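Welcome, and thanks for taking a look at this chain with us. Please have the model open while you read the short report below.

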Amino acid sequence: MLAALFAPALGLAFGWTNVFGLTAILMSVVLVLFILLAKDAPGQGPKISARDYLSVLGMKDTYWFMLFYGVTFGGFVGLASSLPIYFHTQYALAPVDAGYASAACVFAGSMVRPLGGALADRFGGINALSFMYPIAALALVAVSFGLPTMPMALAGFVIAMLALGMGNGAVFQLVPVRYIKEIGVMTGIVGCAGGIGGFYLASSLGFAKQWTGSYQAGFLIFAGLALVAFIGINIVRNEWRISFSRGYAEGSVRI
């Protein structure tokens with residue numbers, strides 16, 4: 001969000017090369033603060049071998065989670081990185097204005113991630129995702145047709161980002177319930193899938209524009225993936241509610 005908000009203005013004022021230099025300075029400050037302030041946990045858990053970590057790749061639920069987060073976080077990151085160019089080329093916004101519009105979308109999606117987790121705690125992660133995926137798909141379908149005005153497009157992207165942002169929180173309400181002992185490695189694997197999803201959406205929009213002259217195909221394909229995730233979460237719904245509840249007091253975790 002901060003990159004979309006400040007980078008265009010800084011680029012115009014100081015040059016784009018200097019923007020990367022300023023970013024490097026900020027990252028260095030964060031690194032120093034981390035070295036000075038971060039501490040290891042007081043207790044040490046049992047050592048786990050690489051084989052134990054990789055065992056999660058033999059579990060089918062791992063790939064479901066990769067799909068679910070690949071759509072929610074991948075869609076979020078892909079849109080965040082693509083929207084400045086989209087607003088500039090589609091609606092002829094100046095780079096700074098395109099950055100502001102993109103930042104508004106990213107801000108909306110970022111702020112509701114905790115809300116997505118709270119809704120998942122209240123109504124269950126499966127129910128929350130079953131609600132969020134169709135909303136994201138519908139919003140992406142709507143914007144794929146090139147809405148006639150920029151405010152309409154902005155509203156469509158905000159809705160998509162709200163659904164995807166809340167979905168991010170809902171997915172990680174379910175991960176620790178399924179993977180109690182493997183939460184560390186699963187966080188990395190699921191996060192990796194989210195990064196791949198973001199790369200796919202950003203690149204597919206670029207290829208769609210290059211090959212067809214329109215972004216529509218890229219948006220529609222990702223909307224289709226959101227519907228695939230919606231179908232998938234309902235395929236595993238009953239099985240997960242039975243298997244995930246083992247080891248937890250009845251009613252202590254809503255899934």
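Is K60 buried or exposed? K60 is exposed, with a relative accessible area of 52%; the classes are buried (under 20% relative accessible area), exposed (over 50%) and partly exposed in between, using a 1.4 Å probe and protein chains only. Before going further, please note that this is a predicted model, in which local features need pLDDT of at least 70, side-chain atom pairs count only at pLDDT 80 or more, and totals for chains, interfaces and linings use all residues. Residues are numbered from 1 along each chain as its sequence is written, and side-chain values use heavy atoms, with hydrogens and water left out.

**Overall picture**

The chain has 11 helices and 0 strands, where helices (H or I, at least four residues) and strands (E, at least two) are DSSP runs numbered from the N terminus. Of the 255 residues in the chain, 39% are buried. Among contacts (heavy atoms within 4.5 Å) with a separation of 6 or more, 82% join residues 24 or more positions apart.

**Salt bridges**

Side chains of opposite charge can pair when their charged atoms come close. Counting a salt bridge as a side-chain nitrogen of Lys or Arg within 4 Å of a carboxyl oxygen of Asp or Glu, the chain has 2 salt bridges.

| Salt bridge | Closest N and O atoms |
|---|---|
| E239 with K60 | 3.4 Å |
| R178 with D61 | 2.7 Å |

E239 forms its salt bridge with K60, and that pair links distant parts of the chain: E239 sits in helix α11 (residues 237-243) and K60 in helix α4 (residues 60-91), 179 residues apart. E239 is partly exposed at 36% relative accessibility.

R178 forms a salt bridge with D61, and this pair also links distant parts of the chain, with R178 in helix α8 and D61 in helix α4, 117 residues apart. R178 counts as partly exposed, at 26% relative accessibility, while D61 is buried at 5%.

**A residue of helix α8**

Helix α8 (residues 150-178) also holds N168. Which residues does N168 touch, not counting those up to four places away in sequence? They are Y69, T72, F73, F76 and R113. N168 has a relative accessible area of 2%, so this residue counts as buried.
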